[in-house]
Amino acid sequence: MVDETRQDNMTRDARRAIMIDGIPVSLLGMIALALGSSPDQSAADKGWWLGVTAAFTLAVVWVLVRAFRRADEYQRKIQLESMAIAFAAVLVGLQVAVLLDATDIVGLRPLSEAIVIGGVGLWFAVADVRTRLHR
């Protein structure tokens with residue numbers, strides 16, 4: 001009983017730490033998405049968008065590395081399996097987006113942004129559901 005309570009507290013603390021690390025990264029991602037959404041960008045706008053997007057990418061890598069270092073073996077396994085599921089979903093989604101772009105139904109750029117964001121959401125949702133169902 002005591003060990004189970006301790007494990008639940010560790011899981012809650014790990015989730016809280018990821019949330020605290022992830023909120024500024026999410027805001028940076030929204031800023032990058034907003035900067036890149038304009039169809040007619042000047043050279044300065046593209047420079048800002050590239051800089052913020054590069055900072056966002058590095059911040060995501062930093063949060064992931066910190067999260068994996070904090071996780072125990074079981075949590076790492078769940079995260080890697082969740083990433084694999086989300087990666088497969090993103091690959092299929094991007095293939096569909098390329099086909100839709102080739103037929104001039106929908107543009108590739110806005111669709112690809114939504115697919116990547118959805119893939120990250122799927123990754124987190126699958127990891128959360130698997131963690132909750134294990135208890």
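Residues are numbered from 1 along each chain as its sequence is written, and side-chain values use heavy atoms, with hydrogens and water left out. Because the model is predicted, local features need pLDDT of at least 70 and side-chain atom pairs count only at pLDDT 80 or more, whereas totals for chains, interfaces and linings use all residues.

Helix H1 spans residues 2–36 and contains methionine 30; helices here are DSSP runs (H or I, at least four residues), numbered from the N terminus. Isoleucine 23 and valine 25 also belong to H1. Their accessibility differs by class: buried means under 20% relative accessible area, exposed over 50%, and partly exposed in between (1.4 Å probe, protein chains only). Methionine 30 is exposed, with a relative accessible area of 51%, and isoleucine 23 is partly exposed at 46%. Valine 25 counts as buried because its relative accessibility is 11%.

Met19, Ile23, Leu27 and Met30 together form a nonpolar patch on the surface, with about 410 Å² of accessible area. Such a patch is made of residues with over 30% relative accessible area and no salt bridge, its nonpolar side chains (Val, Leu, Ile, Met, Phe, Trp, Tyr) being joined within 5 Å. The areas come from the Shrake-Rupley method with a 1.4 Å probe, and for residues only the protein chains shown count as cover.

Valine 25 and leucine 58 are 33 residues apart in sequence and 9.5 Å apart in space. Methionine 30 and alanine 86 are 56 residues apart along the chain, with 20 Å between their C-alpha atoms.

The largest pocket is lined by 44 residues, and Val60, Val120, Gly121, Trp123 and Phe124 lie nearest its centre. A pocket is an open set of points on a 1 Å grid over the protein atoms alone, where a 1.4 Å probe fits, with protein on both sides within 12 Å along at least five of seven lines; lining residues have an atom within 4 Å of a point. At least two lining residues come from each of H1, helix H2 (43–70), helix H3 (73–102) and helix H4 (108–134). By class, the lining has 27 nonpolar, 12 polar and five charged residues.

The whole structure has two salt bridges, each defined as a side-chain nitrogen of Lys or Arg within 4 Å of a carboxyl oxygen of Asp or Glu. Side chains of opposite charge can pair when their charged atoms come close. Arginine 130 and glutamate 81 form a salt bridge at 2.2 Å, N to O. This pair links distant parts of the chain, with arginine 130 in helix H4 and glutamate 81 in helix H3, 49 residues apart.

Aspartate 104 lies in the loop between H3 and H4 and is exposed, at 68% relative accessibility. Its phi is near 60°, a positive value in a residue other than glycine. Most residues other than glycine have a negative phi.

Key:
Patches are made of residues with over 30% relative accessible area and no salt bridge: like charges are joined within 9 Å, nonpolar side chains (Val, Leu, Ile, Met, Phe, Trp, Tyr) within 5 Å. Ala, Val, Leu, Ile, Met, Phe, Trp, Tyr, Cys and Pro count as nonpolar, Asp, Glu, Lys and Arg as charged, and the others, Gly among them, as polar.
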